[in-house]
Amino acid sequence: MAPLSEYNQQQKDAILMVRQHLSHLPESELCWLKKRIKSYLKFRKTVASFQDQHFADICSQKCFTSQTSACCGREGIITFFADVVINALLSTTKGIDTLLEVLERDRGGFNCVYLNESGCLWRFKPIVCEMFLCDHAKNSVLNDNESLASQWAGLRRRERMYTWPTRPVLFDQLEVFFLNAGFDSPLMYLHKSPGLLRLKAKHGLR
Ligand code: SF4
Ligand code: SF4
């Protein structure tokens, strides 16, 4: 069998290590993690309903009916380690097995490895996917509507409160939780990306 692509291998390794660690955690620590992501889940719910309310029509018109969505291209998204952790916390064992299976069976193509006929296989898709709007969608919906444009800008600012390490943020803390337990992954961008490391240093974070 051909080896996995680097992208798929990194995804697989991260999913496996997260599953392994979570399965050995005492209930109290699992509860702590679930509590820790609560406000982020609330934020994601708000984004999802904003997208549903204002973008469902344009997306269905432009992409889903023609099945030409630019949203889910092959290896087109960055998956943060925290995305993997949060998804695992919310998934069943079968849901995680399905992700691992598609990574193993992947034979190429133009679409994201996680996309199937009924949509994204993640129980809780990565933040980059949630926040992506193509220019066509943005221009059609936000350009002539100041109120919506400002609501979207507000959501982008809220996103940064979880992901952008100019202060201690959830995505960084979830990486630390696993690093402290001896795990490591190239998807830990808040500890690997030179740009994000510089940003953290500039704000007195390590
Ligand atoms: S955001 Fe753009 S590319 Fe993605 S589904 Fe909507 S219209 Fe299509
Ligand atoms: S992870 Fe899901 S939402 Fe994101 S690009 Fe892949 S199929 Fe699309």
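**Exercise 1.** Classify D184 in this predicted model as buried, partly exposed or exposed, then do likewise for its salt-bridge partner.

*Solution.* Start with D184. Its relative accessibility is 44%, so D184 counts as partly exposed. The limits are under 20% for buried and over 50% for exposed. Next, find the partner. D184 forms a salt bridge with K192, at 2.8 Å from N to O. Finally, classify K192. Its relative accessible area is 36%, which makes K192 partly exposed.

**Exercise 2.** Find which residue pairs with D97 in a salt bridge, and work out what the contact ties together.

*Solution.* First, the contact. D97 and R19 meet through their side chains, with N and O 2.7 Å apart. Now place the two residues. D97 sits in helix α5 (residues 93-105) and R19 in helix α1 (residues 6-24), so the bridge joins parts 78 residues apart in sequence. D97 has a relative accessible area of 27% and is partly exposed. R19, at 29%, is partly exposed.

**Exercise 3.** Determine whether E130 and R44 are buried or exposed, and trace the network they belong to.

*Solution.* Begin with the pair. E130 and R44 form a salt bridge, their closest N and O atoms lying 3.2 Å apart. Locate each end. E130 belongs to helix α6 (residues 127-131) and R44 to helix α3 (residues 38-64). The two are 86 residues apart, so this pair links distant parts of the chain. Check burial: both E130 and R44 are buried. Salt bridges link R44, K125 and E130.

**Exercise 4.** State how many salt bridges the model holds.

*Solution.* Apply the cut-off: a side-chain nitrogen of Lys or Arg within 4 Å of a carboxyl oxygen of Asp or Glu. The count comes to eight.

Definitions and conventions:
Residues numbered from 1 in each chain as written. Chains lettered and ligands numbered in written order. Predicted model: local features only at pLDDT ≥ 70, side-chain atom pairs only at ≥ 80, totals over all residues. Heavy atoms only, no water. Helix = DSSP H or I, 4+ residues; strand = E, 2+ residues; numbered from the N terminus. Buried < 20%, exposed > 50% of the residue type's maximum accessible area, 1.4 Å probe, protein only.
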